[in-house]
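Reader: I'd like to learn how to read a model like this one, feature by feature. Could you take me through it?

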Amino acid sequence: MMPKEKPLWKGSAFRLCLLSAAVFLCLQLGLRRSCAPAEKAGADAARALPARGTEQRLGPARSSRKDKAEAHLAPGAGRPEAATASRRRVTYLRSSRRRSSEPACCPLQSLGSSRRKTIRWHVDLQPWASPTPSLNYEALRFLKYITTPQISCEHMNMNSLTDNSKTIKKPWSICLDDSFSLVHRIKSKQCRLYSLGLSSDDNQFEISMANSGCEVHRFDPSIKSAHIQEGHHLWNHRLSIDWRDPNPAIAAHKLRSHTKKLGTILNEFGHQKIDVLKADMESAEWKILENLILEDIVEQIGQLVFEVHIHWPGFEVSGNDSTVVRYWYSLLKELELKDFRLFHTYKDLLKPQMFLKKEAFNASSCYTLSWVNTRWK
């Protein structure tokens, strides 16, 4: 007699399969419940990542996702970009931010990322004017450059804007054509003038600008008090502008407390723009101009009015005569690259007619030059 066959559902193999299926289902359910919160937390964390870090990982092609993520941030939410930007600033532009040194007229402000770090420590020298270095060729090229206006300006008379009847001793010419913004900013009482000088008693130009409604700041180390206000629009500061070379490879000079770079003063005063920068620095103007170019401060200036001295090389300008003149010319070409155009030049015949201590080239020892930033708004 044949043994009776057991039903399939009573077999051990069938029971083992059922048990395995049950275990598998339990595991699947458990994993789904535990993964859901983790996935939500991961998505939240991804949205909370700093936008800058996301951009660094994803690359420029996917940077638009950063903008979309920032649109979902709560208003006023803190971001790390400002701290990163402040670390990018050149160290010699940072302010001590001490309230005790704050002038009454100019509250300390942080300019954030408006300062951009520069990696240049010297200007790019132009090619020699001749196949071999020659003072004669360098001088002729330089003198032709500073006596030839590059752009025309029809209105340069401040008397038309003020009721001041006094005559200005020197032709500190500014361009008041409608094509440039200075005349409109003067009429709307929104212009700002910085004047750099060394024991100068000729302040009629500054007074005239202040009477027109401009905010005027004179910087002169010979002023008796730290900050003196004259009228509603004119301030005098006992500060001298440092012309030292910014190259860190050169030994740093210990500066006096009243000697600062122009970029530092802008940072401390909270000023981001200067409509007119006037300078009469007795041969220090060349190094000051170089620092303004290297620190990108010149881009924040609307017009430059400089008295340049060429009877000797000047502060910290070294080399033989032809090298010095090539350096001067290269600085002016840097201004041209920054979209500055010379619109007025004045040869001072009252000063000694000298060029690098020589009576040569029919040159004066002093010229007053005026440039306008054609991109200024």
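Reader: Let's begin with strand 1: how many of its residues are buried?

Author: Some ground rules come along with that. This is a predicted model, where local features need pLDDT of at least 70 and side-chain atom pairs count only at pLDDT 80 or more, while totals for chains, interfaces and linings use all residues. Residues are numbered from 1 along each chain as its sequence is written, and side-chain values use heavy atoms, with hydrogens and water left out. Helices (H or I, at least four residues) and strands (E, at least two) are DSSP runs, numbered from the N terminus. Buried means under 20% relative accessible area, exposed over 50%, and partly exposed in between (1.4 Å probe, protein chains only). Here, strand 1 is mostly covered, with 6 of its 6 residues buried. Arg-192, Tyr-194 and Leu-196 are on one side, Leu-193, Ser-195 and Gly-197 on the other, and both faces are covered.

Reader: Which strands does strand 1 pair with, and in what sense?

Author: Strands count as paired if DSSP finds at least two bridges between them. Strand 1 runs parallel to strand 2 over 5 bridges, and Tyr-194 stands opposite His-217 there. The chain gets from strand 1 to strand 2 through helix 7 (residues 204–211), a right-handed β-α-β crossover. Right-handed means that, with the strands pointing away from the viewer, the path from the first strand over the helix to the second runs clockwise. Strand 1 also pairs in the parallel sense with strand 7, over 5 bridges, with Val-276 as the bridge partner of Leu-193.

Reader: How many aromatic pairs turn up in the whole structure?

Author: Rings of Phe, Tyr and Trp (its six-membered ring) pair if their centres lie within 6.5 Å; planes under 30 degrees apart are stacked, over 60 edge-to-face, and the rest tilted. The search finds 10 pairs. One of them is Tyr-145 with Tyr-329, edge-to-face at 5.4 Å centre to centre and 85° between the planes. Tyr-145 is in helix 5 (residues 135–146) and Tyr-329 in helix 10, so this pair ties together parts 184 residues apart in sequence. Tyr-145 is buried at 13% relative accessibility, as is Tyr-329 at 9%. Tyr-194 and Phe-219 form a tilted pair, 5.0 Å centre to centre with 55° between the planes. Ring pairs also link Phe-142, Trp-286, Trp-328, Phe-355 and Phe-361 into a cluster.

Reader: Phe-142 is in helix 5, I see. What covers the buried residues of that helix?

Author: Think of contacts, meaning heavy atoms within 4.5 Å. The cover includes helix 9, helix 10, strand 9 (340–347) and strand 10 (366–373). Among the buried residues of helix 5 are Glu-138, Phe-142 and Tyr-145.

Reader: And helix 9 itself: how many of its residues are buried?

Author: Helix 9 (residues 285–294) has 10 of its 10 residues buried, including Trp-286, Lys-287 and Glu-290.

Reader: Now backbone angles. Where should I look for a positive phi?

Author: Most residues other than glycine have a negative phi. Glu-282 has a positive one of about 50°, in the loop between strand 7 (274–280) and helix 9. Glu-282 is partly exposed, at 40% relative accessible area. Asp-296, which follows helix 9, has a positive phi near 65°. Glu-316 has a phi near 55° and sits in the loop between strand 8 (301–309) and helix 10 (321–337).
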